[in-house]
Each structure stands twice: as structure tokens, then as C-alpha cells.
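Please view the sequence and structure below before reading on.

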Amino acid sequence: MATENPNRPNYPLRPAATPFAAPQSTTPFGSMVGSEASAFRPPPPASSQSMTPPFPSGPFVGSEAPPFRPPPPGRSNELVRPPPPPSSSSSYGPPTAGFQRFPTPPLPSTGQVGPPRASLAGQPVIPPPTRPPGGPVSFLSQTQPASIPIGSPPQSIKTGQPNPNFPPPADQPFSAPRPNVQPSSPPMGPSYATARGNFQPAFPGYVNTQANSAAQAPYMQPASFPLQQGGYAPPAPPAPFLAQQRGYASGPPTTASSGLHFGNQMQHYGVGPPVGNSQGLAEDFSSLSLGSVPGSFDTGLDVASLPRPLDGDVEPTSFAEMYPLNCNPSFLRLTTSGLPNSQSLASKWHLPLGAVVCPLAEAPVGEEVPVVNFATTGIVRCRRCRTYVNPYVTFTDNGRKWRCNICSLLNDVQSDYFAHVDASGRRVDLDQRPELTKGSVEFIAPAEYMVRPPMPPLYFFLIDVSISAVKSGMLEVMAQTIKSCLDNLPGYPRTQIGFITYDSTIHFYNMKSSLMQPQMMVVSDLDDIFVPLPDDLLVNLSESRNVVEAFLDSLPLMFQDNMNVESAFGPALKAAFMVMSQLGGKMLIFQNTLPSLGVGRLRLRGDDIKVYGTDKEHTLRVPEDPFYKQMAADFTKYQIAVNVYAFSDKYTDIASLGTLAKYTGGQVYYYPSFQSSIHKDKLRHELARDLTRETAWEAVMRIRCGKGVRFTSYHGNFMLRSTDLLALPAVDCDKAYAAQLSLEETLLTTQTVYFQVALLYTSSSGERRIRVHTAAAPVVAELGEMYRLADTGAIVSLFSRLAIEKTLSYKLEDARNAIQLRIVKALREYRNLFSVQHRLSGRMIYPESLKFLPLYGLALFKSTPLRGGYADAQLDERCAAGYTMMALPVKKLLKLLYPNLVRVDDSLVKTGEFDNITKRLPLTAESLDTRGLYIFDNGFRFVVWFGRLISPDIARNLIGEDFGGDYSKVTLTPRDNEQSRKLMKILNKFRESDPSYFQLCHIVRQGEQPREGFFLLTNLIEDQIGGANGYADWILQLHRQVQQNA
Amino acid sequence: MVKLTLIARVTDGLPLAEGLDDGRDVPDSDYYKQQVKALFKNLSRGQNEASRMSIETGPYIFHYIIEGRVCYLTMCDRAYPKKLAFQYLEDLKNEFERVYLNQIETAARPYAFIKFDTFIQKTKKLYQDTRTQRNIAKLNDELYEVHQIMTRNVQEVLGVGEKLDQVSQMSSRLTSESRIYADKAKDLNRQALIRKWAPVAVVLGVVFLLFWVRNKFW
């Protein structure tokens, strides 16, 4: 036991919330609870033999069942020895396996792989600790037996059961198979299967089983023991915990007992402890049967069985379960929750290693971020690395010191933050300290965090009033929308507002509160811009409300006869900058034409088809004039965020205009060929949301992480102020940022890495706050573990950002190929993990956690910024989509990549409610029935698709009498009949679920070209479009590439 | 003309409100803000200061009044009439106390009453031009007497604390240095002793050695 102590500091201590924190340090058993992260560390061979407990002992229910205080190890030794390992382990080992296995999607292949898997399942003892869904549970349950013989009477087990994971239902089904097992005879196989089947529902049965198994212990065959030793003898790296050793040791016996046909694998395991891990993984992977002969792929692929994310994005739960104190995944998602422990391992992980952060994401209901005010204390932070106090810090020295979880420096606790620490290491005031129990908190910043008094929310409008703006009706819609939002602008009564309009001249408006009407001042000198009035161009909204309203009312009229076609955008931008630079704030630019006068004038350059496919191709996607980047840099410096609204039907060089938004934390909204009659609702909704959503002003963000890892690159819309400080003049819930990690040291010695995202911002109400999200992730030594803990959503998000950035300096094709190559490499590496053990030549294997990766990869290649070549997307659209995707949070990105396709005609006809229309269909033309009505929703637009043979009643009810006519002119308006009302209700329901953009409804009839192709068919990403692959071909292509040089 | 306006709690120097986009045409407004902060810090240390004071700094002058443990401070051009400046502060004070009086003590975060800046802004504009009828009337108002208000220099005010610090520092340095001196003196004394008697001792030693050698071998 003495050997244990030195290890203690290394435990990834589960913060004090778990009552077991203290036991960890005192008894080896307790420590298992916290040791999940390190559980895969191979144990030292010697001790594993001597200490082997008879039962596959994992840490037991730990936090949930405190009554099982683990007994002293010494005793456990003597008691534990005699009972035979195999019987006990075999008795419930397999069930575990069954449980773990079932979650994997039942692919057609399961049948074939079945036997070997089952065999693996026999030894699940090691894997469970790391398993996401069943992980903690099974892990814990396994330890339990260990404690039983040691002294705790079986009754006590039952008392432990009440916890939700172990509902009492006894599992008689279990005990039945068990006797069969002992003889370790062939029949066992089938019996297992049944056991498994029964077990799955009644997983809780474990506890009882264990009790039984204890009784059966004597049956064990001693013969298996040596075997086990043999298996484990090979020297292993220093073991962190005895506890794990138990877990390990008991593993082999299981196999031994469970069947002769496992013999081969036993030898396999003997090779080295780590193998134990990969076994666990083996249960995880899924495979696709691609035909038995490598040459005849085309026949063997069942398209219907390919994995599809029809349930939307699934956040990895394993992470949250392992570290319940982590912040919600909507704030921070890692591409893999298992960080590699060495650089060599990291280099084998070909997917991006990093995180996607959405600091202001709307918190799930009931989990609002608590606000903490350290009024007198000052914010508690680590002296050295400036980490904020969080749930993972540990208090020592009777509460007088705390250890920083990121740099492990021992800090003094200030006297007014002091609280006593109880026996288990928890502070007595824990329940009053949200910062020590919650992964996300918000601190009220003291005066040291302010360079100046908190700024008021400020909205400045820069409006193009040239002829196209007036003709398209944009001006009117915009003015109305702003006027309707005046009441809802955040920050009353401090909110500031101002306007500049421009065509070939620049118009300033004096909105002094004492005036009745705004005064207009025209500056026509574009070379030497000056501000005609020192004050009153930017006014307090609550004071000048009447003037502002009068201005907005008259704005469309003022310019209704304007015939000016020029646009002095650059000079106007400079003028706006002069007005705003004092305070900062948000600038909304409404641009209708290509900037044609003064600085920053741009040329028509997008039409050059010859450039495509050459090395110069990317220049079209980067800003033409350095003026824009320079302006963006100045804007960020003065806390100005720019949102660009572009409306033109012609080329407006979004690539250049968007730069302003990119570096100032803004956003690009693009409405190609804006017509107020069609796009009115969309502009109105999105502008209103932009104006009224909760915004964080003058923000900076930094992500800290533990020793040995470092964030090397950041991707998104922001400006990097120093190496790791993101300057964000304005942030809101619709913005996410991605960052890539790298390992600084060749070997990580810690077992857990902590991440802390800190966003310092000014809220609209004028409070300076710091939002802090903290998360922990285990360090793993196995590539398989990394795959198992991978998060497809975060990976795809990072991939898309990397690819879009790559299009700015390379050809589209290069960007696509780079991503494809990384996916192939990753799958190949994964394949290499298993190809030795299984004969899988004809199948494609991939980790369960990454089953959607190929599909999302395909979707990414077909997304607007990356698809095809010149003709496949307008240059402006491509750039606008690129800027948008750089900022999208994970969930919305995934929905954009793999949109929802839902059939609704049945629910329209049926009476009653329609809660079950959420069944999403695969995105292929085969899903479309000519008699059906479908809604396609990618978060940005709806397409309502009418089948050719749809019942005329429905069509007439929905779009009126001219349902046979031209659908491009038809809009879907509410009509006075049941079906129309229902459809509207459905659409509204979809819209409410995703309010960040307005989904404009396009109606398309089957066969109506080219609209059908444009709106829907190009977006059916599983189909073969143009030169791009269909899903099945894509998978085959990937598979072929994976197998090359495999 | 009013350049800066700040309102702070005297007990701990916590800033409560500040005029918006102040200091636009003051080239180094940050430097003066620093001075103001230092001033607040001095006040919060409980140094006895008059409740009304003017402090000269560079081309500008600070005026402040302390009332109900809140300090209202403004920075103006030197040429700006003192009388108007103090009336401006009075106006702010009256409004601030009317709105926030019972929240002042409980304010826990800096700039808790930042919303007051709109009022500061409005009032400031009234006082902007000294030649308006309203302001001339105020200037001529004999009832409001400002002659008694002391004018000091900012170095002097900020220097008080510094000087005290310096004195205590010097005295502590003095004690430590005197201790070192005493040690050194002792050491020197010993060395002098050694230097004085060492040759004699050596000579004697040699003599005795010779004697001893002679006795032994002869």
C-alpha cells in the first residue's frame, strides 16, 4: 500500500463533489473510482499476480454506493485468493459484453463477426472503465465483487442497489447460463448469447450475480490460474493503481474459462497488457460489408444500411458521464475526449485534435450559468497561470491552500475565501459556491478588468441608398424592421444609435434630441473624409427616440427617386469609423452594389472562368484590396464589430466585404437578388435577431489548457490579439470558434488535461463579466481509446473550417483532397488496429463514434463553399457561405451539411396532432415518393417539394387554384383550410427550433427544372450529382483508398 | 468646459459612474484618469481632505465634492469658471442622491450605476458653453460662494501619501543600515586587534620555538 501513496497526486481527482474523493487516497479500492482515466495503464506484472482478486474487479459503484467502503487491501488478499477467478468472472463477464455490444448498430455483418466478438466480450473487464455509455456503470459493478468476499456481507450489496443504475430486478436469467459456463464447454457459446439477450434489459442484475458468483467461487478451475499469469507476466510500465491490477488480472481467467476456441486470442493477449484495451475496442467498431472479394465491391454494398445521422447531432455523453463537473458540451466540444499521451500517438491520429468553443451558447433549460460575485475577495485565480478557480481545483492544508488543476501550483487561499475542509477533502461551503460545483460560471469582474467604463450597446447603420437598394425594396424593409426593433434593443436606457447613408456622396444625420426632424448633411469630398459634426451623429436612443423614428419613417421616401448608381462604400466606412471609434459597438452595413468610388473600390473579377482550375483560383476568394483588412484591424482595435448584409443580384465581391466581418467577430448575411416581396420575412427576421439577441460587447477570449498541450491555431471570425488572446468586439450565441491543439512535450505525464475557456465581456446592461467554462479530459495511451472517445461533430466542424481556410490559398480541389486524405488516413490507422485480429478484408471498418464521419465528409465536399468548380456555385454565394460556416456552432453546421428531409403529406391528411413527423429521411432521390409532400430544412431555407402525383386536393388546399401553374411565382401563405394551417404549424415549429436564421420557404414541384435541381437535387448529398460521388460510391472509394498500402 | 466626470464611493474608491465618451479631445486622458484613480485611492485611505477642493494638474483642473461618502469629480480647463464647475457637480449630486441614495452602500460591482451616464451627458451639455444666459445667471448668483475652496496642486495631493511612504521607507532603511554599520564596526575592531598583535605573537612564537628546540636538542 505504501507504494500507492506516491501516486496519489497523479490521480485525476474527481473533484470533491464525489463523496469518494477522500477514500481515493486512503484505500486502493476507493482510488479506482477516480482512476478511470488511468485505468488503461498496464499494471505491474508482479503485483498483479499476487494481488489478483478472484473477481473481475473494477472500481465499484463508487459515488453511488458509499456503503461499500473498500476494505483494507491486506485482508482482501487473503480472502480473495482462494476463490477461483474464472468461474466468477465468466459468470458475469459475458453479460457485460452483451451489454456493451448491443449498443453498436446491428449491421448486417454482426452475424459473421459474432463469435470472435463474443470471445472478446468474455474479457471485458478492462475496457469497461473507459467505455462511454456503459462505462462507469459496468466498471463500477465489477469492483463490487471484489469487495464482497472481503467482508461486506451480501446484504450490504443490496442496500447499495437502490441507485438508479442498479435497479433491484433480480436476474434469474443470469444464473441459468452460469452453470454452463464453468465446464467451459462448447455449448457455452449459445448459452451466452441467451444470457446476453436476457441481460440487456435487466442490466442491473449485476449485483445479484456477483453475490452468486461469490458462492460459486469454489468451482473454479485452478488450471486457469497459471494461464492467467502467463498472460500477464510480460513486464508492464509502472502501474498507477493496485485497483486496476485487479481489474486486469481477472480478465484473463475469464477467457480461460470461457472457451477453448479463445485460445488463440489468449496468446494474443499475452503479448502485452495494452492489448487488453484493444479488445474492448473491438466491440466498438462497426463494419460495413462491402462484398467478399476485394475486386467486386459494387455488388456487396447495401445502400440502406449505411449509417446516417437521422437523429441529428448526438453529443458525446461519455465525456459528460466521466466528468460530471464539466461544462455542457454545447459550450465546449473536443474532437476526441481522450488526449494522446505522446507525440508519436498524436501523429497517428490523423483527424484534427482540438476543440470547438461556443462561449455564449444558449444553456439548456434548467442549467443557466450561475453568476458569482467575489465583491471583496477579488476573483480567485492561480498566481502563475491565471486560471480561474473551478470545480477541479483541490483544497489542501486544511483549506488554507488550493492547488491549481492546470499548472498544479499551490496557491494560498485568501482569508475571506477560506472555508474548512472536511475529512473527504470537500470544502464545507461547497453548496454555496457554484464556482466549485459547476463547469460553467460567470464572475462579475472587478475594476481591474476594465480599461474603461463598460460601454453602452451601440448600433450604427451604414446604408447604401443607391438605385438598386431602393428598387429592390431593401431600404423600406430595413427601415421598418429597425423601427420595430427599437423597443427591443438591449441596454435601455444607454443604447446608442446612429446612421450614415451613402451613394456617390456620404450623408450624415444629426439626431439631436431637441430637433423635430433629423438634419441631413452631405459630404461629397471622398478623398478627405471629415465628420461634419462632433456630436449628435451618434445619439442616445431613449432621448432621441422621436428623431430616430422620424428618420426611419422618411428614409425610404427620401431616396425613392434616387437614380444614383455609384457606391462610395470605402469613404463611408471611414466616416463611420470616425464616428464610432470613441465607443465601439456594432456596425451594420447594408450593401447593394459593388463599391465603386473612393478608397476600397472594387472591380468585377468573379466572372473570369479561365482562372478556375489554375493556381490563381484562390485569389478570387481573398479580398482584393488590402484596405479591407486594414480597416478590419482598426475596427477590432476600437471594439467595433461589423455585420455585412449584402443584397445584390450582381457580383458584389463578398470575399472583400466579408473580410470586415471575419476579423471583427461579425457575420455575413447574403440575400442574392433581394426582392422585398420574396425575401422580406427573411431579412426582417434575421435583422431583428441580429439587433435584439443578447450580445456580449468588447470581449476577449482565451482558452487555457494543462501543461504539455497548447492551442496552436484558432479558426473562426475574430482577430488574434496576442498568440492566444482572441479579440471579439461582439459575440453572441450564434458564434462558435475552433482551435487546434498540439502536444508540447513528447510524453504527457499527467492523466487528465483540463481546459478552461474564459470570455471577458461587457453585457448589454453594462456589467463587466467573465464567463468561464471548465472541462477535463483523460489522457490515453491507446489510439483505439482516442477513436472511441472521438466526437464526429467537433471533427467535422474543424474539418470544415480548415477546408474553407485552405480554399483561400489553394484550389477547391486541393482543399477537398486534403480532407479526404485525412479521413482515409484515419480510417486506415483504425483498420490497422484490427486487421491482425480479424479477417476483415472485404469489409470497411470504422469506429462507432465516427460512423457518420464519411457521410459528413461527403456532405462537406458538396457544401456551397467547397462544391465542384466554377459553375457549381456563384462566387459570392460560395464566399458568403464560407464566412457563415466559419462561425456556425456544431449543431447548426451539421444540420446544414446533412439537412432534414421530412415527409409530411400523411400527417396533413390525418386528423389530430403531428408530433411524430420528425422522422428524417435519407437525403437521396429515392426517398422522394411522387405522391408525397416533403419538407427539406437545412437551417437556412425550407424547400417544400410537391410530388408529381400528389393528390390535387392537398395541392389545391395548400397553394390555391393555380396549383398546376408555375411554382416559382407561388408563395406559401396561410389559407383557410385545415391542411394549410397544419403545414404552417409544422413550418413554424421547425423555425422555432432553430431561430438563428429565417428559413424562407421555396416551393418546388417535381420535374420543374431548373428550380428543382437548384433548390433540392443539388442538396441531396447522397446522390450522384455532376461529377461528385454518391454516398455508396464514396464509401467504396474510401474503402479502396484505405486498403491501399494498408 | 467639462472634460471628465467621475463618481466614486469614498469608502473604498469603487467607481460608481463615469461620463460617457469623455476625454474625447483630451490628448492623454488616460494619464489624467490614472491621476483621478490615485486620488480616489488617497481619499479612501481616510486622509482628511476637505469636502470640496480644486486640484491643479497640467493645463486642467480637477474639482470635486464629497457628500454622503460619494465623491463627484470633474476635470475642466483652467479657464473654466470654478463657480460653474461646482454647480455642475452639485447638480450631479442632487440627481444621483435622488435616484441611488439607498443603493450606494450596497453596490458591489464597479460602475454599478453606469446608467447615470446619460444624465451626466445631458447635464454636461448644459454647462458646455459659459456664455449662455443660464450659465451667466449662475455665475452672477452671489448665493453660491466658492472662494473658500482650497486650490492645491496635484503633485502635492498625490505626493502626501508618497512622502509619508518615503519617510517611513527612509527610516526603516536607516535602522537597517545602522545595524549593518554596527556589525561592520565590530568586525573592524576585531581586525584591528588582530593586525596590532599578530606580529608580536608571531615573533614570540618563533622565539619560544627556538627556545624549545634548543632545550630539546642541545
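Are Phe374(A) and Tyr417(A) buried or exposed? Both residues are buried (under 20% relative accessible area, with exposed over 50% and partly exposed in between; 1.4 Å probe, protein chains only).

This is a predicted model, in which local features need pLDDT of at least 70 and side-chain atom pairs count only at pLDDT 80 or more, while totals for chains, interfaces and linings use all residues. Residues are numbered from 1 along each chain as its sequence is written, chains are lettered from A in the order in which they are written, and side-chain values use heavy atoms, without hydrogens and water.

Over all chains, 44 aromatic pairs are found (ring centres within 6.5 Å; planes under 30 degrees apart are stacked, over 60 edge-to-face, the rest tilted; for Trp the six-membered ring is used). Two of these pairs are listed here.

| Pair | Centre distance | Plane angle | Class |
|---|---|---|---|
| Phe374(A) and Tyr417(A) | 5.5 Å | 75° | edge-to-face |
| Phe647(A) and Phe674(A) | 5.1 Å | 80° | edge-to-face |

Phe647(A) and Phe674(A) are both buried. Each of them belongs to one aromatic cluster, whose members also include Phe461(A), Tyr509(A) and Tyr997(A).

Arg427(A) is placed over two rings: its charged end sits 4.6 Å from the ring centre of Phe395(A), and it lies over the face of Tyr417(A) at 4.5 Å from the ring centre. A charge counts as over a ring if NZ of Lys or CZ of Arg is within 6 Å of the ring centre and within 35 degrees of the ring normal.
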